[in-house]
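Here are a few friendly notes to read alongside the model. Please keep the picture open as you go through the points.

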Amino acid sequence: MSEQAASQPTNKWIYMVRAVRSDLLQTGPTETEMATLGRHGAYLEQLKARGVLVFVGRTLTTGPETFGMAVVEAEDEAAARAIVDADPVVSEGLMRAELYPFFIAGMRAAG
């Protein structure tokens, strides 16, 4: 985390995930990977139900540039890191994650 970011208090964190196997979306997931992705989806639903997940999504590309992202609320970087590390796609090694403090500058109303 940069010095400037460290000086800005936040309770929002963005984590980006990218597949370790770069051709995952071209060749499709294996059975094991599919099971991990299922646990990932269930994990995100749990975060949503607990009010931790602000929003989640992914790019619609299928190349190695593809990434998914989630914005979560956490008390501090250690708590945010624990959320990331508990995500099955990260803990089971299917994806690598990057974590950043995040500020939502604007958002349209739901609907």
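1. Start with Thr59, which sits in the loop that links β2 (53-58) to β3 (68-73). Strands here are DSSP runs (E, at least two residues), and helices are runs of H or I with at least four residues, numbered from the N terminus. The side chain of Thr59 makes a polar contact with that of Thr61, at 3.0 Å. A polar contact is a pair of N or O atoms within 3.5 Å; within protein, one must be able to donate a hydrogen and the other to accept it, and residues adjacent in sequence count only if both atoms are side-chain atoms. Beyond its neighbours within four places in sequence, Thr59 is in contact (heavy atoms within 4.5 Å) with Thr66 and Phe67.

2. A word on the source: this is a predicted model, where local features need pLDDT of at least 70 and side-chain atom pairs count only at pLDDT 80 or more, while totals for chains, interfaces and linings use all residues. Residues are numbered from 1 along each chain as its sequence is written, and side-chain values use heavy atoms, leaving out hydrogens and water.

3. Now zoom out: the chain holds five helices and four strands, in the order α-β-α-α-β-β-α-α-β. Its C-alpha trace spans about 40 × 35 × 25 Å along the principal axes.

4. Of the 111 residues in the chain, 30% are buried, meaning under 20% relative accessible area with a 1.4 Å probe, counting protein chains only. Among contacts between residues at least 6 apart in sequence, 71% join residues at least 24 apart.

Terms used:
Buried < 20%, exposed > 50% of the residue type's maximum accessible area, 1.4 Å probe, protein only.
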